[in-house]
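Thank you all for coming; I would like to take a few minutes to walk through one model. Please have a look at the sequence and the structure first, and then we will go through it part by part.

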Amino acid sequence: MACSSFAPARPAGAAINGPCAATAEVNGKLYTPAHDTPGNPIRLPKRGTILYQGTTRTVTSPHHGSLAVSVGPTRITIYSWASTNAKRKLSAAGHKDLASTYAKLPFSIAGIYRITGYHYSQGRLYCSGFAYVAFDQSPFVTPVGVFAEAGTVLTAAGLVLAARGRARR
Amino acid sequence: MTLTTVVKHRRRRAPRPILGAVSGALFGGFVALDLQQLAIWPLDDLSVFGLPLLGLAAGLALGLTRPLGRRTPPPVVRVILADQQMPPEASPPPEPPA
């Protein structure tokens, strides 16, 4: 996730609001807030490790935040955190195994998603940012992908029927 | 001699605007989902609302104009003489006598 207004070499067009910074490393490839366009997403393979790290310029205590996937006008929260931050930390880091993360999903997913992150300090928005995440999975083997393909074919047939008109009796 | 004029119109197929509009709107929605699944464009406001609206308008236009339907042919005008028999529609030309 991405937020960093104090990063010295902020990439042009980076999706950042507020004094935060964040990076992610997927199988050795570093992703920065520059990955904020659909043509330049963070690619998640089916296997490997993702290392993530985030920092704030000042201590945020107590703090909370969330990550949400945008689907049209709605946002679905997929991860959240909250802490008193008694140790007054300025950064947090961790790692996730991609294979086990994929295994937790109810069904395999594919495609590109816009993920937005928010970090609050003392109940007020401290920083926010977004990035695009693409899953390296064929859409022809996922339930949603098959549904989408079948729906496209069926509705295209409906359009052809409409374009032909109905025979008069 | 009595002359009778028969004007035969081939009627054009009936429009299907509702089928076109519904199919177009759903088609737009599925195209948005396809683009998302193929990792080309995410499901944002533009694709979730824009493509179905565009599909609805296109489907409505297709249903009303029926571009794939039969074109209206020119009317067939046949003049029948009362004391003559009407020739068959697609009779082959008479063969010349041997």
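How much area do domain 1 of chain A and domain 2 of chain A bury between them, and what percentage of it is on carbon and sulfur atoms? Before I answer, please keep in mind that this is a predicted model, and that every value I quote is computed from it. The two domains bury about 290 Å² between them, and 76% of that area is on carbon and sulfur atoms.

On the side of domain 1 of chain A, the residues that lose the most area to domain 2 of chain A are Phe107(A), Ser108(A) and Gln137(A), which together account for 87% of what that side buries. If we sort the residues of that side by class, we find three nonpolar and two polar residues, and no charged ones. As for specific interactions, the count of salt bridges between the two domains is zero, and the rule likewise finds zero residue pairs in polar contact across this interface, where both residues have to be at pLDDT 80 or more.

Let me place these domains for you. Chain A is divided into domain 1, covering residues 15-137, and domain 2, covering residues 140-169. The contact between them takes five residues from domain 1 of chain A and four residues from domain 2 of chain A. Their C-alpha centres, for reference, lie 37 Å apart.

Of the 98 residues of chain B, 22% count as buried. Among the contacts in chain B between residues at least 6 apart in sequence, 78% join residues that are at least 24 apart.

That brings me to the interface between the chains. The size of an interface is often given as the accessible area lost when the parts come together. Chain B and chain A bury about 3,000 Å² between them, with 63% of it on carbon and sulfur atoms, and the contact takes 35 residues from chain B and 36 residues from chain A. In chain B, the residues that lose the most area to chain A are Arg13(B), Phe30(B) and Gln37(B), although together they make up 21% of what that side buries. The count of salt bridges between the two chains is zero, whereas the count of residue pairs in polar contact, both at pLDDT 80 or more, is 13.

Which elements of chain B supply this surface? Helix 1 (17-37) and helix 2 (45-65) of chain B each supply at least two residues of the side that touches chain A, and the largest share, 12 residues, comes from helix 1 of chain B. By class, the side of chain B that touches chain A has 19 nonpolar, eight polar and eight charged residues.

I will finish with one residue, Ser23(B), whose place is in helix 1 of chain B. Is Ser23(B) buried or exposed? Ser23(B) counts as buried because its relative accessible area is 7%, which is under the cut-off of 20%. Leaving aside residues up to four places away in sequence, Ser23(B) touches Thr155(A), Gly158(A) and Leu159(A). Within chain B, a polar atom of the side chain of Ser23(B) lies 2.8 Å from the backbone oxygen of Leu19(B).

Technical notes. Residues numbered from 1 in each chain as written. Chains lettered and ligands numbered in written order. Predicted model: local features only at pLDDT ≥ 70, side-chain atom pairs only at ≥ 80, totals over all residues. Heavy atoms only, no water. Domains from an automatic or database assignment. Contact = heavy atoms within 4.5 Å. Buried area = accessible area lost by both parts, 1.4 Å probe. Salt bridge = Lys/Arg side-chain N within 4 Å of Asp/Glu carboxyl O. Polar contact = N/O pair within 3.5 Å; in protein donor to acceptor, adjacent residues only side chain to side chain. Nonpolar A, V, L, I, M, F, W, Y, C, P; charged D, E, K, R; others polar. Buried < 20%, exposed > 50% of the residue type's maximum accessible area, 1.4 Å probe, protein only. Helix = DSSP H or I, 4+ residues; strand = E, 2+ residues; numbered from the N terminus.
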